[in-house]
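Here are some exercises to work through with the structure open beside you. Try each one yourself before reading its solution.

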Amino acid sequence: MLPLLADLKTTMSLLSERSLILENWMYIAPVILLIATYLYVTENRNHRRRNANNSSKENLTSLAESEYIGEYQEENSPSEEYVSLLENVKHKPFPGAKIVLDGGATRFYEIANDRRSVRKYSRRSVDFSVIEKCIQTAGTGPSGAHTQPWTFCVVGNSEMKQAIREIIENEELENYAKRMSRKWTTDLGPLRTNHIKEYLTDAPYLILVFKKVYGIRTDGQKQQHYYNEISVSIATGILLCALQCAGLNSLISTPLNCGPALRQLLNRPVNEKLLVLLPVGYAADDCEVPDLQRKPLDEIMVKY
Ligand SMILES: Cc1cc2nc3c(=O)[nH]c(=O)nc-3n(C[C@H](O)[C@H](O)[C@H](O)COP(=O)(O)O)c2cc1C
């Protein structure tokens, strides 16, 4: 009888305890809420402190966001043994520049200053070996880690030039009508450019300059092409000067939104992207250019 009584007593006291909690819930609930809030705030603060520590460590080793070295960014893989493409390159003495132009820098300035963007060409033929030499000259340009990330496609075939013209004129019609801002087309107005590009079929040659945004190593792995756009732009500048020295005229053109279609037409691989297209040849007899002024030296140079 006695154990039965004890059980009953325990059950009763439990019930009364439960009812105590239920009875006093309005005092207990705020206390629980307070404890939970305190725990949440403390954990949050610790989490932020941990993150701040990590990111300050990262900032010491990573580049600023604006630093641009190319589209494809190679990841370090700890398991791979990486070998530089220039691994076996030896160094040799270099005596400095040996071949100089008569008249030096002044003569070169005169040649460069004589260059104008030509948008109207004669059909007079051009010796292909001269084009080859000018492209060989462009290929002497410096490049990030000597990756030489360029391909110069020369088109002399009439049907192909026509196909290029069609692609570009169709896109340019859209560009001028819809894609370019009114400010942009207004700025271009004095240059008298529009979507009709007769020079694409009149000029004896078109040179399409592609930047290789990454390379492919012999083992099939991608090769980072550091600063590929800057490298190809410099090479293109050298090409412009070489063409000018050879007495040829050209135009840097950037056919907006035509890159993929032109890449496919020329059957170029996916790692190549069109940078610029140059018609090359002799200016037409009735060619005109806008009478533009170049900034004087004291506006473009700062001496320290
Ligand atoms: C990056 C770049 C893009 C250009 N794009 C075009 C273009 O798409 N079409 C065009 O007719 N001219 C183009 N030009 C040529 C400029 O309009 C020309 O260089 C400028 O008006 C100065 O004239 P100049 O080259 O005769 O000194 C481009 C020039 C550069 C440098």
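**Exercise 1.** How many bridges join S2 to S6, and in which sense do the two strands run?

Step 1. S2 (205-212) and S6 (272-281) are joined by eight bridges and run antiparallel. Strands here are DSSP runs (E, at least two residues), helices are H or I runs of at least four, and both are numbered from the N terminus. This is a predicted model, in which local features need pLDDT of at least 70, side-chain atom pairs count only at pLDDT 80 or more, and totals for chains, interfaces and linings use all residues. Residues are numbered from 1 along each chain as its sequence is written.

Step 2. Two strands count as paired if DSSP finds at least two bridges between them.

Step 3. S5 and S6 are also antiparallel, with two bridges; Ser250 stands opposite Val280 in S6.

Step 4. Put together, the four strands form an open sheet in the order S1-S2-S6-S5. Its edge strands are S1 and S5, each pairing on one side only.

**Exercise 2.** Which residues of S2 point one way, which the other, and are they buried or exposed?

Step 1. In a regular strand, side chains alternate between the two faces of the sheet.

Step 2. Tyr205, Ile207, Val209 and Lys211 point one way from S2, while Leu206, Leu208, Phe210 and Lys212 point the other way.

Step 3. All of them are buried, meaning that 20 or more other C-beta atoms, placed from the backbone, lie within 10 Å of the residue's own; 12 or fewer makes a residue exposed, and in between it is partly exposed. In the protein chain, 19% of the 304 residues count as buried.

**Exercise 3.** Which residues have the most contacts inside the largest nonpolar core?

Step 1. A nonpolar core is a set of buried Ala, Val, Leu, Ile, Met, Phe, Trp, Tyr and Cys residues joined through C-beta atoms within 7 Å.

Step 2. The largest one has 36 residues, and Leu206, Ile207, Leu208, Val209, Leu239 and Val280 have the most contacts inside it. Among the elements giving two or more residues to this core are S2, H8 and S6.

Step 3. Follow Val280: leaving aside neighbours within four places in sequence, its contacts (C-beta atoms, placed from the backbone, within 7 Å) include Val126, Ile131, Ile207 and Leu243.

Step 4. Leu239 and Leu243 are among the buried residues of H8. The cover over the buried residues of H8 includes helix H4 and strands S1, S2, S5 and S6.

**Exercise 4.** Where are Gln148 and Arg192 found, and what is the phi of Gln148 and of Arg192?

Step 1. Gln148 lies in the loop between H4 and S1. Its phi is positive, about 45°, although Gln148 is not a glycine.

Step 2. Arg192 belongs to the loop between H6 and H7. Arg192 is not a glycine either, yet has a positive phi of about 55°.

Step 3. Gln148 is partly exposed because 19 other C-beta atoms lie within 10 Å. Arg192 counts as exposed because it has 10 C-beta neighbours inside 10 Å.

How values were computed. Contact = placed C-beta atoms within 7 Å.
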